[in-house]
Amino acid sequence: MVTAIVLIDIDSAAIPEAAQAIADIPGVQSVYSCAGDVDVIAVVRADDHEGIATLVPERIAKVPGVRNTVTHIAFRSYSRRDGDDAFSIGMQA
């Protein structure tokens, strides 16, 4: 499984609709509106790099209002939550 972080520039008037449309695309795990250099950040997953290469330009970049995307491929996760989630599968909280 390949994870990518996609930085997305969107026309300001279209941010809510575009962000929701992106969140509804299969393979998109989460979408965050944010302050800073980009309008929205999406975390996406695919079976392989080819899946990411299809998902971003053919689906995300074609959402109305999207002006530009920059994709970063994740190599390794250092999140404590990821490790905790993996070890808590099947356990009651």
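Patches here are built from residues with over 30% relative accessible area and no salt bridge, like charges being joined within 9 Å and nonpolar side chains (Val, Leu, Ile, Met, Phe, Trp, Tyr) within 5 Å. Lys and Arg count as positive and Asp and Glu as negative, with His and the chain ends left out. The model is a predicted one, where local features need pLDDT of at least 70 and side-chain atom pairs pLDDT 80 or more, while totals for chains, interfaces and linings use all residues. Numbering runs from 1 along each chain as its sequence is written, and side-chain values use heavy atoms, without hydrogens and water.

On that basis, Asp 47, Asp 48, Glu 50 and Glu 58 make up a negative surface patch. Glu 58 sits in helix H2, residues 49-60 (helices are DSSP runs of H or I, at least four residues, and strands are E runs of at least two, numbered from the N terminus). With 48% relative accessibility, Glu 58 is partly exposed (buried is under 20%, exposed over 50%, partly exposed in between, with a 1.4 Å probe and protein chains only).

As for salt bridges (a Lys or Arg side-chain nitrogen within 4 Å of an Asp or Glu carboxyl oxygen), the whole structure has 2. One pairs Asp 11 with Arg 67, closest N and O atoms 3.6 Å apart. Asp 11 lies in the loop between strand S1 (2-10) and helix H1 (15-23) and Arg 67 in strand S4 (66-74), so this pair ties together parts 56 residues apart in sequence. Arg 67 also bridges to Asp 39, at 3.9 Å from N to O. Asp 39 is in the loop between strands S2 (28-33) and S3 (40-46), 28 residues from Arg 67. Arg 67 is exposed at 55%, and Asp 11 partly exposed at 36%.

How values were computed. Areas by Shrake-Rupley, 256 points an atom, 1.4 Å probe, with all protein chains shown as cover. Charge placed at Lys NZ, Arg CZ, Asp CG, Glu CD.
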